[in-house]
Amino acid sequence: MKNWSYLIAAVLSVAANAQAQTNNTPDPFQVRSWAAGCANCHGTNGRAESGNETLAGMNKDEIVKKMLDFKAGRKPATIMHQLSKGYSDEQIVAIAAYFAAQKK
Amino acid sequence: MKRRQFIQTASAGSALGAFGLVSGCASIGGSNGPKVVVVGGGYGGATAAKYVRMWSDYGIQVTLIEPNASFISCPISNLVIGGSKTMADITTSYDNLVKRHGVNLIKDYVTQIDPDKRVVKLAGGSEVPYDRLILSPGVDFMMESLPGMSKAGAQDKVLHAWKAGAQTLALRKQLEAMPDGGVYALSIPLAPYRCPPGPYERACQVAEYFSKAKPKSKVLILDANDDVTSKGPLFKKAWADRYKGIVEYRGKHNATDVDAATNTLKFEFNDDVKASVLNVIPPMRAGEIAVKSGLATANKRWCEVDFLTFESKASKNIHVLGDSIQIAPAMPKSGHMANQHGKTCAAAVVALLTGKEPNKQPIYNNTCYSFVSSEDVVHVASVHAYDADKKTMLTVPGSGGVSSAANELEGRYAMAWARNIWADTLA
């Protein structure tokens with residue numbers, strides 16, 4: 001019986017976490033608009049014209065790492081160290097996931 | 001059961017499924033989908049037109065009304081004046097909006113808006129109905145603040161070249177025709193005006209041309225503002241280091257009149273200035289159609305909007321964006337910003353026309369590059385986020401900044417920016 005109650009508690013805890021995560025996950029339309037704010041330099045849906053990096057289809061973790069490195073000053077930049085500081089880590093993760101899911 | 005589930009899934013999956021069935025692909029006309037009319041095909045309007053089509057899965061009909069045959073970019077146009085770029089370099093066709101995105105393009109301009117009947121009337125005589133109207137009419141000049149500009153021929157001789165197009169090339173021709181040893185005087189209005197660093201970039205471009213072709217000539221900047229309004233230390237360094245003896249900057253020079261016959265500028269407090277080439281950027285207000293439709297509620301100059309939707313605070317179902325709006329704190333009137341307005345507005349218009357709530361947390365950035373020579377560039381960048389309490393866009397603390405020094409690498413990024421924003425707006 002003890003084992004059962006432990007299991008039920010664990011399942012409820014996972015469910016609660018999943019619920020919390022759902023509540024914290026930004027609205028997909030909001031994320032699409034955040035990502036569109038990058039298109040001026042990185043192309044519509046992240047498919048860039050020559051001279052700037054294409055973000056469409058890039059690995060999500062790679063985008064997140066680059067942005068967090070820009071933000072922390074670990075990666076030299078002309079402008080991205082200033083722009084990355086305008087976004088929270090959660091927003092960066094959501095935007096990175098959007099670009100990773102776009103066709104190259 | 002299965003069939004019912006399928007229908008539910010289909011309607012939940014895409015709010016625009018119904019329009020999609022009716023309108024099919026990117027065809028023009030013959031659809032029962034909602035109608036959006038966009039007035040003005042600049043950075044704001046063209047972007048809004050494209051993104052309303054894209055984000056409605058091509059279910060919302062979009063008509064773009066623009067009098068010019070093609071898009072001519074204000075950003076980079078100072079390089080045409082300086083001589084290192086051509087008009088062709090800054091001109092882009094509207095073809096992709098039509099062919100790729102199914103935008104219905106009408107080459108005309110709007111003379112009247114009827115907000116009750118929800119139609120716009122065109123100079124050509126026809127009427128175009130809308131469910132939601134997006135106005136991106138840019139700026140118009142307050143010529144009445146410089147009475148001499150209304151005299152016959154004055155506006156053909158004293159140019160602003162502040163809307164890229166015929167005047168850009170005409171100013172270049174005036175500079176080419178000017179004898180060496182002449183003075184080019186540039187008059188800058190009080191802020192807010194379109195493109196805060198633009199006049200100072202133009203001074204650099206003309207100075208570089210003079211330094212190569214007419215070294216005895218001068219660039220005289222006559223600024224109504226107390227001091228340089230954007231990237232001040234970076235521009236002043238360029239004038240002192242690169243264009244020493246060519247550029248002279250005078251602040252607190254508020255022009256009050258122009259005598260085009262003698263190329264003379266008159267000021268509120270200062271002595272008259274006569275120049276070989278007079279380039280006067282007059283004070284600005286929202287584009288005429290917005291002003292005469294009663295939308296310019298701030299000082300009768302700029303249009304107040306809801307920053308979640310860009311809907312006018314004065315008129316329902318009419319959205320205003322770009323240089324015409326009463327800006328949020330530290331928000332520049334720039335092409336980059338107008339493009340961001342266009343996308344924010346497009347998302348809201350699609351949401352509103354499909355019974356959804358507009359996004360509640362807009363965040364977007366501004367990036368502005370200025371060429372201090374034909375190759376070296378300085379930037380200013382900022383990130384703006386919606387503040388729900390203050391109901392406006394505020395810069396995110398700790399974000400943004402300027403270049404540490406002018407450099408050639410950012411010159412290449414500036415041209416990459418131009419290619420990308422032109423594509424994001426028009427392709």
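Of the 104 residues of chain A, 34% count as buried, where buried means 20 or more other C-beta atoms within 10 Å of the residue's own, exposed means 12 or fewer, and partly exposed lies in between, with C-beta atoms placed from the backbone. The model is predicted: local features need pLDDT of at least 70 and side-chain atom pairs count only at pLDDT 80 or more, while totals for chains, interfaces and linings use all residues. Residues are numbered from 1 along each chain as its sequence is written, and chains are lettered from A and ligands numbered from 1 in the order in which they are written.

**Exercise 1. Describe the elements of chain A.**

Step 1. Helices (H or I, at least four residues) and strands (E, at least two) are DSSP runs, numbered from the N terminus.
Step 2. Chain A has six helices and zero strands.
Step 3. Read from the N terminus, the order is α-α-α-α-α-α.
Step 4. Two residues are in contact if their C-beta atoms, placed from the backbone, lie within 7 Å. Among contacts in chain A with a separation of 6 or more, 58% join residues 24 or more positions apart.

**Exercise 2. Work out how α2(A) packs against α6 of chain A.**

Step 1. The axes of α2(A) and helix α6 (residues 89–100) of chain A are 9 Å apart, at an angle of about 85 degrees. Axes are lines fitted to C-alpha atoms, for helices over the stretch in contact, and angles run from 0 to 180 degrees between N-to-C directions.
Step 2. Angles under 35 degrees count as roughly parallel, over 145 as roughly antiparallel, 65 to 115 as roughly perpendicular and the rest as oblique. α2(A) and α6(A) are therefore roughly perpendicular to each other.
Step 3. On the α2(A) side, the contact uses A:Val31, A:Arg32, A:Trp34 and A:Ala35; on the α6(A) side, A:Gln91, A:Ala94, A:Ile95, A:Tyr98 and A:Phe99.
Step 4. By class, these residues are seven nonpolar, one polar and one charged. Ala, Val, Leu, Ile, Met, Phe, Trp, Tyr, Cys and Pro count as nonpolar, Asp, Glu, Lys and Arg as charged, and the others, Gly among them, as polar.
Step 5. The buried residues of α2(A) are A:Val31, A:Ser33, A:Trp34, A:Ala35 and A:Ala36. They pack against α3 and α6 of chain A together with α11 (335–353) and β20 (363–371) of chain B.

**Exercise 3. Describe the side of chain A that touches chain B.**

Step 1. The contact takes 24 residues from chain A and 33 residues from chain B.
Step 2. On chain A, the elements giving two or more residues are α2 (28–36), α3 (39–42) and α5 (80–83).
Step 3. α2(A) gives the most, with five residues.
Step 4. This side of chain A divides into nine nonpolar, 13 polar and two charged residues.

**Exercise 4. Compare A:Asn45 and A:Glu53 in their loop.**

Step 1. A:Asn45 lies in the loop between α3 and α4 of chain A, and A:Glu53 lies in the loop between α3 and α4 (60–72) of chain A.
Step 2. A:Asn45 is buried, with 21 other C-beta atoms within 10 Å, whereas A:Glu53 is partly exposed, with 14.
Step 3. Most residues other than glycine have a negative phi. A:Asn45 has a positive phi of about 55 degrees although it is not a glycine.
Step 4. Not counting residues up to four places away in sequence, A:Glu53 touches A:His42 and A:Ala48. The C-alpha atoms of A:Glu53 and A:Cys41 are separated by 8.6 Å, with the two residues twelve apart along the chain.
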